[in-house]
Amino acid sequence: MSLFISALSGLVFGLGLILSGMANPAKVSGFLDLAGAWDPSLALVMGGAVGVGLIGFALAKRRRSAWNGDAIDLPTSTVIDRRLLIGGLLFGAGWGIGGYCPGPALVSAGSGSSAGLLFVGAMLAGMALHDRLFARR
Amino acid sequence: MTLDWQAFTPWTALAGGLLIGLSAVLLVLGAGRIAGIAGIVGGALQALLSPGAGLASTIKAQAMRLVFIAGLLVSPWLWQLVAPLPAAEQVSGSLGLIVAGLLVGVGVRMGNGCTSGHGVCGLSRGSFRSLVNVVSFMGAGFVTVFVLRHVL
């Protein structure tokens with residue numbers, strides 16, 4: 001049950017990324033280019049996702065356990081620190097350069113795109129690098 | 001600012017967003033987990049590279065991460081059974097992709113999330129912490145593309 005739900009969620013997530021245009025770096029770049037000819041599409045992606053999410057997470061907060069019997073594990077941290085900010089800035093800079101965030105990069109890699117595979121390889125290296133050098137001790 | 005009406009795809013964007021939201025809701029209501037790609041991939045990678053190094057991760061949690069990632073990887077193949085994949089146009093060369101990937105990898109681990117974890121799930125939970133991260137990565141994205149396209 002847990003594995004089925006997780007796999008289905010990953011699959012639907014990926015299909016949503018493809019349909020929305022998030023898996024196309026040029027589309028992401030067009031959204032981030034406020035000073036050029038701006039393509040507002042991705043605002044609707046976020047709007048649609050958060051619209052559904054608001055309802056779903058409101059329901060989740062009122063439940064004690066999930067359908068599979070596990071506890072609903074919502075993040076509890078409210079810390080606003082330098083790591084949160086700098087992490088966001090670094091991620092945003094990389095997102096702007098390559099046009100990929102982690103989900104769409106995995107989808108592109110899955111489709112066999114050499115750009116997607118290269119980005120995912122570098123992303124995994126970046127994650128490992130972070131855990132080795134910058135992880136909180 | 002001018003609007004690029006030719007590139008604007010409101011309906012597929014909205015429909016895709018609804019699917020992404022549904023997926024996140026399915027995972028939290030169905031399995032009690034946050035659909036944060038950075039967290040799921042990072043957790044899987046951490047367990048792979050340093051097994052047992054203080055990581056409180058059960059085999060079940062690990063398997064759930066791996067099948068979620070498998071679902072993402074398989075999604076373009078399922079899509080192709082029905083329709084051709086939409087064209088993906090690159091905005092940077094190999095070196096750019098490597099730099100971008102490294103920045104994204106370090107950034108999402110340091111900030112504890114990405115577009116999905118902080119963006120979709122965090123904003124839906126009403127988390128101020130996530131909002132701060134979203135504002136910082138969106139801001140950096142806008143500035144980076146401005147510099148790349150209009151300054152350099």
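Mentor: Here is the contact between the chains, from its overall extent down to single ring pairs. Keep in mind that this is a predicted model.

Start with the extent. Chain A brings 105 residues to the contact, and chain B brings 104 residues. Together they bury about 9500 Å². Carbon and sulfur atoms give 77% of that area. On the chain A side, A:Phe13, A:Phe57 and A:Ile97 lose the most area to chain B. Together these three make up 8% of what that side buries.

Now the polar part. Across the interface, 25 residue pairs are in polar contact. The chains also share four salt bridges. One of them joins B:Arg33 to A:Asp70, with the closest N and O atoms 3.7 Å apart. That falls within the 4 Å cut-off for a salt bridge.

Which elements of chain A supply the touching side? At least two residues each come from helices H1 (2-20), H2, H3 (41-62), H4, H5 (102-110) and H6 (114-133), and from strand S1 (37-38). H1(A) gives the most, with 18 residues. By type, the chain A side divides into 65 nonpolar, 31 polar and nine charged residues.

Next, the rings. The whole structure holds eight aromatic pairs over all chains. One of them is A:Phe31 with B:Phe142. B:Phe142 is partly exposed, at 21% relative accessibility.

A second tilted pair is A:Phe91 with B:Phe137. Here the centres lie 4.8 Å apart, with 55 degrees between the planes. This pair also crosses between chains: A:Phe91 is in helix H4 (residues 82-98) of chain A, and B:Phe137 is in helix H6 of chain B. A:Phe91 is buried, at 0% relative accessibility. B:Phe137 is buried too, at 0%.

Last, return to A:Phe31. Ring pairs link A:Phe31, A:Trp38 and B:Phe142 into a cluster.

Key
Residues are numbered from 1 along each chain as its sequence is written. Chains are lettered from A and ligands numbered from 1 in the order in which they are written. This is a predicted model: local features need pLDDT of at least 70, side-chain atom pairs count only at pLDDT 80 or more; totals for chains, interfaces and linings use all residues. Side-chain values use heavy atoms; hydrogens and water are left out. Rings of Phe, Tyr and Trp (its six-membered ring) pair if their centres lie within 6.5 Å; planes under 30 degrees apart count as stacked, over 60 as edge-to-face and the rest as tilted. Buried means under 20% relative accessible area, exposed over 50%, partly exposed in between (1.4 Å probe, protein chains only). Helices (H or I, at least four residues) and strands (E, at least two) are DSSP runs, numbered from the N terminus. Contact means heavy atoms within 4.5 Å. Buried area is the accessible area (1.4 Å probe) that two parts lose on being put together, summed over both. A salt bridge is a side-chain nitrogen of Lys or Arg within 4 Å of a carboxyl oxygen of Asp or Glu. A polar contact is a pair of N or O atoms within 3.5 Å; within protein, one must be able to donate a hydrogen and the other to accept it, and residues adjacent in sequence count only if both atoms are side-chain atoms. Ala, Val, Leu, Ile, Met, Phe, Trp, Tyr, Cys and Pro count as nonpolar, Asp, Glu, Lys and Arg as charged, and the others, Gly among them, as polar.
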